[in-house]
Amino acid sequence: MAYDIDMIKKVYSQITDRVDKAREVVGKPLTLSEKILYSHLWDAASNKAFKRGEDYVNFSPDRIACQDATAQMALLQFMQAGKKNVEVPTTVHCDHLIQAKQGAVKDLKRANETSNEVFDFLGSVSNKYGIGFWKPGAGIIHQVVLENYAFPGGMMIGTDSHTVNAGGLGMVAVGVGGADAVDVMAGMPWELKFPKLIGVKLTGELNGWTASKDVILKVAGILTVKGGTGAIVEYFGEGAKNLSCTGKGTICNMGAEVGATTSTFGYDDSMERFLRATNRDDVADAANGVREYLTGDDEVYANPEQYFDEVIEINLSELKPHLNGPFTPDLATPISEMNVKAKENDWPINVDWGLIGSCTNSSYEDLTRAASIAKQAVDKKIKPKSDLGINPGSEQIRFTAQRDGLLQIFEDLDATIFTNACGPCIGQWDRSDRKGEEKNTIVHSFNRNFSKRADGNPNTHAFVGSPEMVAAIAISGRLDFDPTRDKLMNEDGEEVMLEEPQGIELPTRGFAVEDAGYVEPRKDGSGVVINVAEDSERLQLLTPFEPWDGKNLMGAKLLIKADGKCTTDHISMAGPWLRYRGHLDNISNNCLIGAINAYNMKANFVKSQITGDYAGVPDTQREYKAKGIPTVVVGDHNYGEGSSREHAAMEPRHLGVFVVLVKSFARIHETNLKKQGMLGVTFDNESDYDLIKEDDTFNFIDLESFAPGKPITIEVVHADGSKDTIKANHTYNENQIEWYKEGSALNLIKKANA
């Protein structure tokens, strides 16, 4: 039986009337995305047809999921909200704070020792406020959600950008910052600009070496890392129905890499099979009762150009296997072209590691397809040329895979089976063959491959592919290996070829598990005491940010002008810094240390306008803060791309940065800045970015009249006394301006609950 089945049945009992009403209001057939959005309006009585990409709308999500690294700050904020319990079903999953090094048993033991303080805190807060808690080793948040909580037609938010994975089970699932989650936990609406809609029509059927992963690798190449910003990507067509549920999840998961609000698929037989295989017959039966409301209207899919803002068509029968990278997930290369492209770009051909897993590709089906390649290597006496690491997606998957002999196949190739956790995907990897200045290559089935993402090394070239392709390339040891045509030499000196991968959608003997790792919260948590030691290096109670004084911001100094790509990894690195995710002051010591200073093209080396000396960004900013000097961060396009981590907004705010001025924002990061009381604005004229000089001072001369739709005038004063006056645009609405005035959205919640 499913968790929260009464909530799910309530959603289905309301969906027919709400969708029928929305169809009348909008005056046309509806996409699946629109059905879910309109059926989850905070104001169910609304009779408005919302404008895509323009109207801010309040929604009522069905549930919330938090991973341990982001849950710390989210729950620290919720503790200030004045609530006895969360108002919406919520779960916490301990998957980020487990380092991959020696293997599952030793790594999990070490994590429970080194991060015990944090796990105890999360468990205690969960117990106190009615939050479901998934212990370390239980699995990766998004795979656990797919197996236990996701349901067709539902809406959820999560404090991780890959919450979108649940779209594989027909949800509108959106990654948010912790402050957004706190709003919903506290019983308030969740605000989102009504998304635009991108339709992806899939025809044909996957075959040979091509996998579901290749669909999103292809889409990423088409849309680029910002092509989906502000939009939901909705997949449909006969090709979509031919994909497994977990394959759909993979596609939705990596939709975060094109900037999409989320991605989703309509309810179909593969989803029903997955629900029943994961012991949720009650959800499947309920979904079947409203089946036509859990997918787009027939007319929409028959004439998609009339109903979507953009339409892409992909024939799965013709799709080729891809590898994307390095350093960006949208650089798409068909395997057949890698030989030429690698030589042209001087990418290291020899592959040191192949890594299979992450929330993107760690399902049972993924493991079977990769294992079918590994088994051939064993049987054909092919000795792998690269190291191989495996992260199962959940304890249920690990237990079942071990029972069915899949893990033994990988171990026969000397692969390391890591914990059911994120591990290398988010920088939690103590790499055994640590590289230095030497350029090197790894391949993985993860979603992101930014510089330094996996191992902290800027010289590591990471490429993204399907689990089976990662296995094949790791066995060959070459980036340019094309298993569709290339042969390998075995230990007997014979030339052999790998045959096409074979996968099993769902375990024929069913899933099995002894201890899934779930801890039910107390029904009454009022007696639970939460202790945070004053001298803790890992946890720190929050102090509210100061409200705006209502005056123009004058005399602000430039902290850094970031050159090129500036992701949340650049603004607030993960890896070893994850240990400080619950301590705002300590983690602020990584603030913008990965951003490249446009004036010297170095990281973490900026000029202080107080002393004239160069130093690290956090140290320089702390000096500004100590002297009461406000500062500005200037950035390029898609600033804040990547993770949903709100630390990338909270750290600059904590250190005294007042404004982030960029060419364009990634959606989640822009929202996070607003939630934390920061001013996030964009150049009206992008070329004004080039006017900003290293010693500039900024005067925001009409901020006193801050209002929706009204540009802000900035006087940029150069060191020689000359000035440039530029315009900056913003997307703040009336409610968001109130967040700014109060100092943060949380301050506004506390005020309302006082």
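A few ground rules: residues are numbered from 1 along each chain as its sequence is written, and side-chain values use heavy atoms, with hydrogens and water left out. Because the model is predicted, local features need pLDDT of at least 70 and side-chain atom pairs count only at pLDDT 80 or more, while totals for chains, interfaces and linings use all residues.

View 1. Helices (H or I, at least four residues) and strands (E, at least two) are DSSP runs, numbered from the N terminus. In a regular strand, side chains alternate between the two faces of the sheet. Strand β3 (residues 90–93) is covered on both faces, with Thr90 and Val92 buried on one side and Thr91 and His93 buried on the other. Buried here means under 20% relative accessible area, using a 1.4 Å probe and protein chains only. Two strands count as paired if DSSP finds at least two bridges between them. Strand β2 (residues 63–67) pairs with β3 in the parallel sense over four bridges, and Ala65 stands opposite Thr91. Strand β4 (residues 132–134) also runs parallel to β3, joined by three bridges; there, Phe133 is the bridge partner of Val92.

**View 2. A seven-strand barrel.** The strands close up in the order β22-β25-β26-β27-β30-β29-β28, with mixed pairing. Neighbouring strands of this sheet are turned by 40° against each other on average, direction ignored. Look for strand β22 (residues 553–561) and strand β25 (residues 631–635), which run parallel and share four bridges. Leu558 sits opposite Val632 of β25.

**View 3. Helix α23, tucked away.** Eight of the nine residues of helix α23 (residues 667–675) are buried, so the rest of the structure largely encloses this helix. Among the buried ones are Arg667, Glu670 and Leu673. Just after α23 comes Gly677, with a positive phi of about 80°.

View 4. Helix α24 (residues 734–742) packs against helix α25 (residues 745–753) at an angle of about 90°, with axes 7 Å apart. That makes α24 roughly perpendicular to α25, a label for angles of 65 to 115 degrees. Axes are lines fitted to C-alpha atoms over the stretch in contact, and angles run from 0 to 180 degrees between N-to-C directions. Asn735, Glu738, Trp739 and Glu742 of α24 meet Ala745, Asn747, Leu748 and Lys751 of α25, where contact means heavy atoms within 4.5 Å.

Key. Buried < 20%, exposed > 50% of the residue type's maximum accessible area, 1.4 Å probe, protein only. Parallel < 35°, antiparallel > 145°, perpendicular 65-115°, else oblique.
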